[in-house]
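Here is a short report on charge pairs, backbone angles and surface in one model. Please keep the structure in view while reading.

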Amino acid sequence: MAKTLRTNKVLIDWSQNHVSKTTIAPYSLRGRDTPTASTPITWDEVRSCRTPAELTFTAEDVLHRIDEHGDLLADLHDTRVALPGR
């Protein structure tokens with residue numbers, strides 16, 4: 001749906017719910033034979049990354065990351081911005 005047709009509306013892209021898509025909620029496992037986990041990362045990790053494998057995580061990795069960094073999304077609920085047109 002074109003942006004001009006969805007003013008003041010939220011687009012829910014149901015087509016993202018497909019085995020070939022990679023979009024997934026944080027802290028979720030992907031439906032694969034060897035599942036990888038979605039996890040927030042730090043800007044330092046982004047800057048230092050040289051290969052995709054450096055940012056590939058298992059469920060166990062995510063638990064270690066939370067021990068090391070805490071929940072990187074914990075303060076997200078405090079981050080608010082006004083929606084366009086409001």
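Buried means under 20% relative accessible area, exposed means over 50%, and partly exposed lies in between (1.4 Å probe, protein chains only). The model is predicted: local features need pLDDT of at least 70, side-chain atom pairs count only at pLDDT 80 or more, and totals for chains, interfaces and linings use all residues. Residues are numbered from 1 along each chain as its sequence is written, and side-chain values use heavy atoms, with hydrogens and water left out.

**Salt bridges**

Side chains of opposite charge can pair when their charged atoms come close. A salt bridge here is a side-chain nitrogen of Lys or Arg within 4 Å of a carboxyl oxygen of Asp or Glu. Searching the whole structure gives two of them.

| Salt bridge | Closest N and O atoms |
|---|---|
| Arginine 47 – aspartate 44 | 2.8 Å |
| Arginine 65 – glutamate 45 | 2.6 Å |

Helices (H or I, at least four residues) and strands (E, at least two) are DSSP runs, numbered from the N terminus. Where does the pair of arginine 47 and aspartate 44 lie? Both residues sit in helix α1, three residues apart, which is about one turn of the helix. Arginine 47 and aspartate 44 are both exposed.

The other bridge joins arginine 65 to glutamate 45. This pair links distant parts of the chain, 20 residues apart: arginine 65 belongs to helix α2 (residues 59–69), glutamate 45 to helix α1. Are these two residues buried or exposed? Arginine 65 is buried, and glutamate 45 is buried too.

**Positive phi angles**

Asparagine 8 is not a glycine, yet its phi is positive, near 60°. Asparagine 8 is found in the segment before α1. With a relative accessible area of 54%, asparagine 8 counts as exposed.

Tyrosine 27 also has a positive phi, about 65°, although it is not a glycine. Tyrosine 27 lies in the segment before α1 (43–48). Why does tyrosine 27 count as partly exposed? Because its relative accessibility is 32%.

**Nonpolar surface**

Tyrosine 27 returns in a surface feature: Tyr27, Ile66 and Leu72 make a nonpolar patch of about 220 Å². Patches are made of residues with over 30% relative accessible area and no salt bridge; like charges are joined within 9 Å, nonpolar side chains (Val, Leu, Ile, Met, Phe, Trp, Tyr) within 5 Å. Accessible areas come from the Shrake-Rupley method with a 1.4 Å probe, and for residues only the protein chains shown count as cover.
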